Amino acid sequence: MELFDRKAFTLATIFIREAIYASLKRAYEGKGIISFFVNMFLPSIEDNMFRYNLKWFTTGLLSGILMSFWIPLIIYVSRTFMGLYFITLFVIAYLIMVMLISILIITDLIHQVIASINELMLWKRIEYLPISQSTIEKAASYSVLIGGGLSLLLGMGFAIGLIVYSSIDSLQALIMIPAGFVSSTLLVYPIMIIVYSKLGGRAPPLVSLFIHVAIVIAILTVYLNTLTFRSVDELLLFLRSYRMIYPFPYIYATVIGFDAVSIVFSAAYLTVGLALSLLIPSKYGIKLLSPTFKSHGKAFYLNFPRLLSSAFKDVLLLLRDSTRQKQFYGQLAALSTPFVLSLLSTQSLTILHGLEYVRSLVILSFYGILAYVSAVIVSPILLFIESDRNQIIYMLPINECELAISKTLASTMLYQPIPVILLLITSLTLSIVHGIIVFYSSNAYWIMASYMSYKLMLHFLWGKQGAWTEFSLGVLRRIMIMVLLLIPLAFYLPLVIALYTLTPAWAPPYAALALMIIVPLPIMVYILSYIFRD
Amino acid sequence: MIIFRDVWMSYGDTPVLKNINLDIMPGKVNVLLGPNGSGKTTTIKLILGILKPVRGVIRVKEYDPTLNPVSVRKITGYVPEDDLVYHSLRVKEYLSFVARMYGVPRNKLNEAMERVMDAFMIRDYENYFIGSLSHGLKRRVMLAAAFIHNPSILLLDEPFIGIDPRIARALKIVLKEKAKEGRTILVSTHILEIAEVIADNIILLYNGEIIAEGSVDKVLAKAKARGLEDAFLSLTMSREKVAEIVKALMG
């Protein structure tokens, strides 16, 4: 068996360049300091694979800094009164979380690259050339690896390693954290290739759903467990016992120091990951299938008010594109499952039953915040599903704002399984009023966040001749949009929590609840009014 | 009526249209001719407000497409050159979506859809996914979508490519009839035989400039040619160049 297929690799670089070209059509051409900065992060059609990956690396560096700049601040502020216990616990918990999250990021990036290749049907452009199907499929596998994911995580690892090094003076962090991030990519990548080679790019979403949910449950279980240790000794014992399992050898070596076991297992994960990442794509290619459209069945008749018809069109597009469907429901399940499960746990139900009535309603209205965060992360998929068909939107009499509304309506329809499940569970376990509060707040905050997210993204994408894909926005802009949308929460949430916990004299007990209900109301009413407008 | 005054357009540093002055009158079939890359599709996209000119003024009826593209698109039916359709929608779904976006009243939607599906002979395919249709059938779906709201302006970019002679003949007649009704028609095509038959007014673009404009006879007279093909070649390429290409292709 050939270890490395050079022809397929060359083809993979062409796939990536084509995807960038289809998304951008032309290079970013601005001049000046801002343009120089933007150029460092935004892919360009003039990039070779090295420069393209370098941009992902710098984006990873910046994302890593954004994710962890507050660590030294917290340590500095709190070390006088919290001591070694808190700092060790804090760093270990943080590292476990980011390393497991890196798995989630790489899984999602792999979905994204495969979705882009599929949507743009890049292989169709070369299928008449004398290139075998297996080479094309292997090329798709390679393009996943050089598509930026590995470089992004490497950059993130370096940035976080640097910050951890400066925070706790651990020189090992500079090697072990990037190594941990790289091995998560190298371990996830071959698994994903096998999954996609068996199931094809348009396979049912169950596998990815399972992977996402499993990862999140693992993250929460491990993460929450690390927070419940009663002493540093107990935590160290835990780390020592599990330092054979990813990601603990990297964390152990970073926080405690190198020992034979952590070195052997860190190296083993890297070596095995590297070997599998070389071997698997040369054996298995991603199944690239032209979509097969079975023509039995009846067409829907989209005779609804104008923007609702457009929203139903998006619902149909998503439900008929299993790659995007995987992404949408995979991420949604990953974000929501732990919280839905918490509503079924005896512990949380006992706490809720024990609370004052209004206070329990406030707690449940916090599901709105979860919906808000979910919408910020998940809703962009409905824009990317347009891909190069965004040109259809441009020829129709619809403006940017109307498109944002119609996409919000569509994403809200697709989101409904979550609030409905929440409504049913809460109504059965608590009361119908609790159920209504959960249903209302999760929908209202979802609508608010989706609409703002679409407005911000369309600000960058509207009118651009390239396709709307993950490449057209670039990771940095996506992160910027997410940060912009999450900043208001940083002010809003403490206010609600303060009202809830402090209940000042000037505010009645239900003020927190009223605030949670009223804030998203204007946008929600505005958007929903379009259901009836023709 | 569509008016271009001193319109310039470029992609980056590459000029695509240079100082275009043009009156596209209603009641006539206006045909846009020109070699590849001469700026035909760009001209159509400027009319729709999909692209914005670097300089100059464009008016579509009373609207400026740069400032008010939505109003222009409401009264326009457009068939793009590429297969721009959602492959995972069924024909009826796509047409009903497009019709509703154009504002076809809900109580008249069925009637409008039946009219265009019958006209372009796609009724048998209404439940088919567009992705499963042949290229020609996809073009017919796109034509149906452009006609569904009975627009007062029709912009058709290479509408005759890929469609069979029955539909092509019907389309030629329809364009003539629509022009007689006072609608504004602009067709871009490379098929000179068709242009010769349908055109009331020819606009010949070359290297981003209008090098000939007027009735077929006027263009033929300018080029001192007997047919449109000869006129096209003599205005856009030397005979020696044609001979060179033939020689190269023959190997």
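These legends describe close-up views of surface patches and aromatic pairs in a predicted model. Local features need pLDDT of at least 70, and side-chain atom pairs count only at pLDDT 80 or more, whereas totals for chains, interfaces and linings use all residues. Residues are numbered from 1 along each chain as its sequence is written, chains are lettered from A in the order in which they are written, and side-chain values use heavy atoms, without hydrogens and water.

**View 1. An edge-to-face ring pair in chain A.**
The structure holds 21 aromatic pairs over all chains (rings of Phe, Tyr and Trp, the last by its six-membered ring, with centres within 6.5 Å; planes under 30 degrees apart are stacked, over 60 edge-to-face, the rest tilted). The ring centres of A:Y52 and A:W56 lie 6.2 Å apart with planes at 65°, so this pair is edge-to-face. Both residues belong to helix 3 (residues 49–68) of chain A, four residues apart, or about one helical turn (helices are DSSP runs of H or I, at least four residues, numbered from the N terminus). A:Y52 is buried at 0% relative accessibility, and A:W56 is buried at 12% (buried is under 20% relative accessible area, exposed over 50%, partly exposed in between; 1.4 Å probe, protein chains only).

**View 2. A tilted ring pair in chain B.**
The rings of B:F120 and B:F147 have centres 5.4 Å apart and planes at 50°, so they count as tilted. B:F120 sits in the loop between helix 4 (109–119) and helix 5 (135–147) of chain B, while B:F147, 27 residues away, is in helix 5. B:F120 is buried at 6% relative accessibility, and B:F147 is buried at 4%.

**View 3. A ring cluster in chain A.**
A:F238, A:Y242 and A:F248 are linked into a cluster by ring pairs.

Note on methods: Helix = DSSP H or I, 4+ residues; strand = E, 2+ residues; numbered from the N terminus.
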